[in-house]
Amino acid sequence: METQRAYSPVGASNLPFHKQVMAGALAGLCEVLCMYPLDVVKTRFQLQTAAEARYSSVLGTFRDIIKTEGFSKLYRGIASPIMAEAPKRAMKFSMNEQYKKLFTNASGQLSGPGHVAAGGCAGMTEALVNCPFELVKVRMQARSNAGLYKNTWHAARSVIQTEGALTLYRGFGSMLWRNGVWNGAYFGIIQQVKRLLPVWSSERGQLATNFTAGTISGLIATMLNTPFDVVKSRIQNTLPGQPRRYTYTLPALATVAREEGFAALYKGFVPKVLRLAPGGGIMLVAFDFFARIL
């Protein structure tokens with residue numbers, strides 16, 4: 001082991017911007033291919049209101065979907081995040097590197113709050129790219145929309161034709177909150193966790209440390225941003241002709257908490273954290289791995 005130093009993906013800050021983009025894209029693709037079924041389960045929980053009680057556990061939801069809809073429905077809508085994954089993860093990791101330069105102090109050091117600010121800004125920038133893909137994904141994942149859309153392309157065309165292109169950015173405010181909070185916490189907490197972990201001389205040991213730091217950071221970040229994710233899903237799944245019960249982020253949070261209780265703001269937390277905690281580790285390890293290669 002050697003003395004702990006502040007975290008930075010191996011060689012990432014020295015990579016040209018286009019290679020940072022490539023490393024981030026490949027890292028995100030690895031994560032979505034591994035963890036997508038949990039995202040479907042998470043969305044089903046988030047869209048379930050107090051009057052519904054179909055889904056009560058992660059394993060039960062998996063069994064229900066497979067039994068009543070077929071195994072393939074665990075991957076329904078995956079085309080949208082696959083198409084989005086490259087640009088959005090590329091945006092997150094590469095812009096995080098750029099924002100870190102912006103928040104570096106005069107002595108060339110990046111403080112803990114600087115890491116949080118850089119990550120938060122990177123996450124909000126990512127929302128610009130990801131919001132349309134996220135809306136289409138939620139529409140595809142919702143059980144209530146079964147039979148409404150043939151596939152991802154049909155869903156996107158239907159939204160544009162029947163609701164207008166701007167509908168693709170419905171829920172954008174909630175995504176700014178969700179992404180800003182998650183990424184700010186994720187990239188900021190990594191620094192603190194890494195200081196508590198040893199740095200190994202072997203590459204395998206270093207990858208294990210990175211995975212552990214990414215997983216812990218992903219867990220805490222998910223605890224902080226889940227309420228914004230719940231209202232984001234509900235706002236985005238409001239279809240034409242349905243009452244707009246959820247409009248803006250803060251009023252939507254208040255509505256859910258008032259009508260269903262505060263715990264409802266954490267619907268889908270278990271599948272979400274099961275995805276994003278190890279997913280955060282996967283992304284960090286994959287980003288470091290591809291950064292080394294590039």
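Predicted model: local features only at pLDDT ≥ 70, side-chain atom pairs only at ≥ 80, totals over all residues.
Residues are numbered from 1 along each chain as its sequence is written, and side-chain values use heavy atoms, with hydrogens and water left out.

The C-alpha trace spans about 60 × 35 × 35 Å along its principal axes. For 294 residues, a compact globule would have a radius of gyration near 19 Å, and the chain agrees, with 19 Å; this radius is taken over C-alpha atoms, and the globule rule is 2.2 Å times the number of residues to the power 0.38. Buried residues make up 54% of the 294 residues, where buried means under 20% relative accessible area, exposed over 50%, and partly exposed in between (1.4 Å probe, protein chains only). Of the contacts with a separation of 6 or more, 79% join residues 24 or more positions apart; a contact means heavy atoms within 4.5 Å.

The helix pairs come next. Helix α6 (residues 172-196) packs with helix α7 (residues 203-236) at an angle of about 165°, and their axes are 8 Å apart. Axes are lines fitted to C-alpha atoms, for helices over the stretch in contact, and angles run from 0 to 180 degrees between N-to-C directions. The two helices, α6 and α7, are therefore roughly antiparallel to each other; angles under 35 degrees count as roughly parallel, over 145 as roughly antiparallel, 65 to 115 as roughly perpendicular and the rest as oblique. The contact of α6 with α7 involves 17 nonpolar, nine polar and four charged residues. In this scheme Ala, Val, Leu, Ile, Met, Phe, Trp, Tyr, Cys and Pro count as nonpolar, Asp, Glu, Lys and Arg as charged, and the others, Gly among them, as polar.

Helix α4 (residues 112-141) also meets α6: their axes come within 6 Å and cross at roughly 145°. This contact of α4 with α6 has nine nonpolar, 13 polar and three charged residues. Helix α7 and helix α8 (residues 249-260) pack at about 95°, with axes 9 Å apart, and are therefore roughly perpendicular. Here P227, F228, V231, R234 and I235 of α7 meet T249, A252, L253, V256 and E260 of α8, a set with seven nonpolar, one polar and two charged residues.

V41 lies in helix α1 (residues 17-47) and is buried, with a relative accessible area of 0%. Beyond its neighbours within four places in sequence, V41 contacts V58, T61, F62, I65 and P271. N237 sits in the loop between α7 and α8 and counts as buried at 10% relative accessibility. Apart from neighbours within four places in sequence, N237 touches L47, V138, R139, A142, S144, N145 and Q242. N237 and V136 are 101 residues apart in sequence and 9.0 Å apart in space, C-alpha to C-alpha.

Conventions
Helix = DSSP H or I, 4+ residues; strand = E, 2+ residues; numbered from the N terminus.
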